[in-house]
Amino acid sequence: MVDPSLTVLQACQKAGMFVPHFCFHDRLAVAGNCRMCLVDIEKAPKPMVACAAHVAPGMRINTKTERAHYARGAVMEFLLANHPLDCPICD
């Protein structure tokens, strides 16, 4: 049984599953801005943001489905397409 105060991302980490993420940190408020932690939750109509969704009894989480992988890829493409070419941090 997983603690219901945990987010889906934290529960996955506790279970030893890797979920990519950029903006999540245990000591910061949940922003969910990067959308890299998208996972498939059974019976959900679309991939869910794992850092903002809380676990529930009987919830089935899939981190490696084609839909979740495609959604994360689309998010990464969006982030890179909108990233400034002259970024001082990346230089």
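Leaving aside neighbours within four places in sequence, which residues is Leu9 in contact with? The views below start there. This is a predicted model, in which local features need pLDDT of at least 70, side-chain atom pairs count only at pLDDT 80 or more, and totals for chains, interfaces and linings use all residues. Residues are numbered from 1 along each chain as its sequence is written, and side-chain values use heavy atoms, with hydrogens and water left out.

**View 1. Leu9 and its contacts.** Beyond those sequence neighbours, Leu9 is in contact (heavy atoms within 4.5 Å) with Val19, His21, Phe24, Ala50 and Cys51.

**View 2. The largest nonpolar core.** Such a core is a set of buried (under 20% relative accessible area, 1.4 Å probe, protein chains only) Ala, Val, Leu, Ile, Met, Phe, Trp, Tyr and Cys residues joined through side-chain atoms within 4.5 Å. Among its 20 residues, Val8, Leu9, Val19, Cys37, Val39, Ala50 and Cys51 touch the most other members. Helix 1 (8–14), strand 1 and helix 2 (66–81) each supply at least two residues; helices (H or I, at least four residues) and strands (E, at least two) are DSSP runs, numbered from the N terminus. Helix 1 gives the largest share, four residues.

**View 3. Asp40 in strand 1.** Asp40 belongs to strand 1 (residues 38–41) and stands opposite Asn62 in strand 3. Asp40 is buried, at 7% relative accessible area.

How values were computed: Buried < 20%, exposed > 50% of the residue type's maximum accessible area, 1.4 Å probe, protein only. Pairing = 2+ DSSP bridges.
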